[in-house]
Amino acid sequence: MKTLLAKEAIRDQIYTYCRALDRIDNKLGYSVFAEDSKVDYGTFKGSGREFFDDMMNQHRQMISTHHMMTNMLIKVKGDKAVSETYMYAACKFPGKEKPFTVEARCRDIDKWECRDGKWLIVERVVCGDNTFIIVPSRDFPNYNGERDNHEDPCYKFFEEFDKM
């Protein structure tokens, strides 16, 4: 049972990471990485928090982002774990003449530790598997969402739920 609970807590952290990326929420993103974590993103090497700041600086230049995590393999031994998670991201850029989307497919390979009852990434290697650019013939506006602030409806719903 303890292993299943650990896996579920790690899964929640993986999903929290996506939410932090798409809502451009640095504080939430920091909550997934240990302070002494290391990240190798290929083009970036540094701490988890530095990595998240770098990602947010890039995401603030985009119109919108959408991250999904799938195919999670999580192994747990005591207070340590490893995981491989397939990640799909669609990042919409303004473009000079019309918007375009970069679709990225990669794998997040993480080492985890449970510290003070919370599972945190202590080391991450990102393996880029398949990335390409899509230029749509027609663009649709974004709706019901706000980025880079806490006006997105998800903040209100979660805060109301936490007060119940």
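User: Arg-23 and Asp-152, buried or exposed?
Analyst: Arg-23 is buried, and Asp-152 is buried too. Buried means under 20% relative accessible area, exposed over 50%, and partly exposed in between (1.4 Å probe, protein chains only).

User: What does Arg-23 form with Asp-152?
Analyst: A salt bridge, with the closest N and O atoms 3.3 Å apart. The term means a side-chain nitrogen of Lys or Arg within 4 Å of a carboxyl oxygen of Asp or Glu.

User: Where do the two lie?
Analyst: Arg-23 is in helix H1 (residues 2–23), and Asp-152 is in the loop between strand S6 (118–134) and helix H4 (153–162), so the pair ties together parts 129 residues apart in sequence. Helices (H or I, at least four residues) and strands (E, at least two) are DSSP runs, numbered from the N terminus.

User: Is this an experimental model or a predicted one?
Analyst: This is a predicted model: local features need pLDDT of at least 70, side-chain atom pairs count only at pLDDT 80 or more, and totals for chains, interfaces and linings use all residues. Residues are numbered from 1 along each chain as its sequence is written, and side-chain values use heavy atoms, with hydrogens and water left out.

User: How many salt bridges in the whole structure?
Analyst: The search finds 13.

User: Which residue does Asp-129 pair with?
Analyst: Arg-107, at 2.9 Å between the closest N and O atoms. Asp-129 sits in strand S6 and Arg-107 in strand S5 (residues 100–115), 22 residues apart. Asp-129 is partly exposed at 44% relative accessible area, while Arg-107 is buried at 18%.
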